Amino acid sequence: MKASAFSYARASSVANTLELLAAHGDRAKVLSGGQSLMPAMNLRLIAPELIVDIGGLTELRGVTVRDGILTIGALTRHVDLQRSPEIAVHAPLLKEAAAHVAHPAIRNRGTLGGSLAHADPASELPACMVALNASIIVRGPEGERRIAAEDFFKGIYETDLSPQELLIAVELPVVPKNSTHFFHEFSRRQGDYAIAGLAAQAVVAGDVFTDLRMTFFAVGDRPLLATAANKLVNVPITPAGLSEASAILGSELDPPEDQQASAVMRLHLAKVLMAGCVSTLLGRPDLRVGGPG
Ligand SMILES: Cc1cc2nc3c(=O)[nH]c(=O)nc-3n(C[C@H](O)[C@H](O)[C@H](O)COP(=O)(O)OP(=O)(O)OC[C@H]3O[C@@H](n4cnc5c(N)ncnc54)[C@H](O)[C@@H]3O)c2cc1C
């Protein structure tokens with residue numbers, strides 16, 4: 001199938017993009033890497049009248065670090081996340097997660113901004129943004145706003161962005177020196193969307209977590225920062241304590257059922273991921289329940 005007829009505009013600047021979006025509202029769509037937009041148009045799931053191609057806006061590309069803040073431009077591609085020395089040092093979780101996004105051909109074109117704006121609940125990068133406590137920077141007719149990643153994702157393919165706004169960049173606090181991370185997803189094949197996944201950022205002192213941000217994905221309508229993880233912070237971890245956290249996780253997740261997995265299976269996988277994360281980060285094989293590590 002081919003996309004419905006549409007007009008095409010190559011944006012010359014961010015200001016020009018915003019003018020076009022203001023003039024056309026929800027009849028226009030921004031084009032970044034096209035790896036989600038074009039398939040959706042070709043399947044006629046959406047039929048925008050105007051495509052605003054921002055691919056030439058070099059000011060939206062790249063990674064910088066200043067005053068403890070890592071800033072990543074919206075047009076930074078998945079492959080750039082994998083290769084950036086700044087990301088390897090200051091947000092290694094993101095580097096590891098980017099390798100799980102689709103395949104090299106898609107990672108060569110797909111962008112961070114596109115992935116976040118698309119907001120697929122099974123996507124890796126939105127979950128990393130929540131785990132890393134990112135702020136999403138968007139610009140629109142009313143100026144610029146910063147939205148905490150936790151508040152940015154609203155539901156399946158739904159975000160806090162209005163049709164007139166452009167996602168410009170994300171800002172992440174650089175991870176502290178003593179921090180560590182965990183990333184794992186269950187999928188049918190390497191490169192497939194996750195059936196259940198976990199992106200976690202933690203600070204460990206001795207054998208105790210002093211901070212633990214566990215964000216589950218593909219088990220709800222958006223990435224979920226698990227409050228269950230609070231039960232594991234500043235306390236010695238015992239099998240009973242982990243069971244209690246696992247039970248709380250069960251009450252805060254409401255996984256979907258689809259052709260890939262039942263809700264019960266997704267919930268089980270989420271609990272396996274939680275135990276795998278704790279056991280891996282603390283070096284405690286006794287806490288593993290048959291999952292990753
Ligand atoms: C076969 C296949 C497998 C895939 N597997 C995975 C996977 O495992 N995990 C995963 O996360 N993704 C996967 N993807 C999606 C892919 O990673 C996309 O690259 C990514 O989701 C979107 O980035 P993009 O730059 O291509 O965005 P586009 O396709 O250009 O845009 C996506 C959406 O975001 C909007 N948008 C884009 N940029 C902006 C911006 N700066 N401001 C506001 N709105 C914007 C567009 O209007 C559109 O609605 C897969 C895609 C394919 C085709």
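**Entry 1**

I began with Cys277 and found it buried, at a relative accessible area of 0%. Buried here means under 20% relative accessible area, exposed over 50% and partly exposed in between, with a 1.4 Å probe and protein chains only. I then looked up Cys128, which also counts as buried, at 0% relative accessibility.

Before going on, I noted that this is a predicted model, where local features need pLDDT of at least 70 and side-chain atom pairs count only at pLDDT 80 or more, while totals for chains, interfaces and linings use all residues. Residues are numbered from 1 along each chain as its sequence is written, and side-chain values use heavy atoms, with hydrogens and water left out.

How many disulfides does a search of the whole structure find? I got zero. A disulfide is a covalent bond between the sulfur atoms of two cysteines; the cut-off used is a pair of cysteine sulfur atoms within 2.5 Å.

**Entry 1: the open sheet**

Next I traced an open sheet of four strands, in the order β11-β12-β13-β14, with antiparallel pairing. Its edge strands are β11 (179-186) and β14 (224-225), each pairing on one side only. Helices (H or I, at least four residues) and strands (E, at least two) are DSSP runs numbered from the N terminus, and two strands pair if DSSP finds at least two bridges between them.

I followed β12 (residues 196-205) alongside β13 (residues 208-217): they are antiparallel and share nine bridges. I picked out Leu198, whose bridge partner in β13 is Phe216. Helix α8 (residues 124-131) packs on this sheet and touches β11, β12, β13 and β14. Contact means heavy atoms within 4.5 Å. The direction of α8 makes about 150° with that of β13; axes are lines fitted to C-alpha atoms, for helices over the stretch in contact, and angles run from 0 to 180 degrees between N-to-C directions.

**Entry 2: around the ligand**

I counted 30 residues surrounding the ligand, and the closest are Val30, Ser32, Leu37, Thr111 and Ser123. A residue is near a molecule if one of its heavy atoms lies within 4 Å of it.

Which backbone atoms of Gly33 lie 2.8 Å from a ligand oxygen? I noted a backbone N or O atom there. A polar backbone atom of Gln35 is 2.7 Å from an oxygen atom of the ligand, and a polar backbone atom of Leu37 is also 2.7 Å from a ligand oxygen.

I found His78 in helix α3 (residues 78-83). Is His78 buried or exposed? His78 is buried, with a relative accessible area of 5%. Leaving aside neighbours within four places in sequence, its contacts include Ala98, Val101, Thr111 and Leu125.

Ala134 sits in the loop between α8 and β6 (135-140) and is buried, at 2% relative accessible area. I saw that Ala134 and Ala149 are 15 residues apart in sequence but 5.5 Å apart in space, C-alpha to C-alpha. Beyond four places in sequence, Ala134 touches residues including Met129, Ala149 and Leu172.

**Entry 3: helix α1**

My last stop was helix α1 (residues 14-24), whose buried residues are Val14, Asn16, Thr17, Leu18, Leu20 and Leu21. Their cover includes β1 (7-10), β2 (28-31) and β10 (166-173). After α1 comes Gly25, with a positive phi near 55°.

Key:
Polar contact = N/O pair within 3.5 Å; in protein donor to acceptor, adjacent residues only side chain to side chain.
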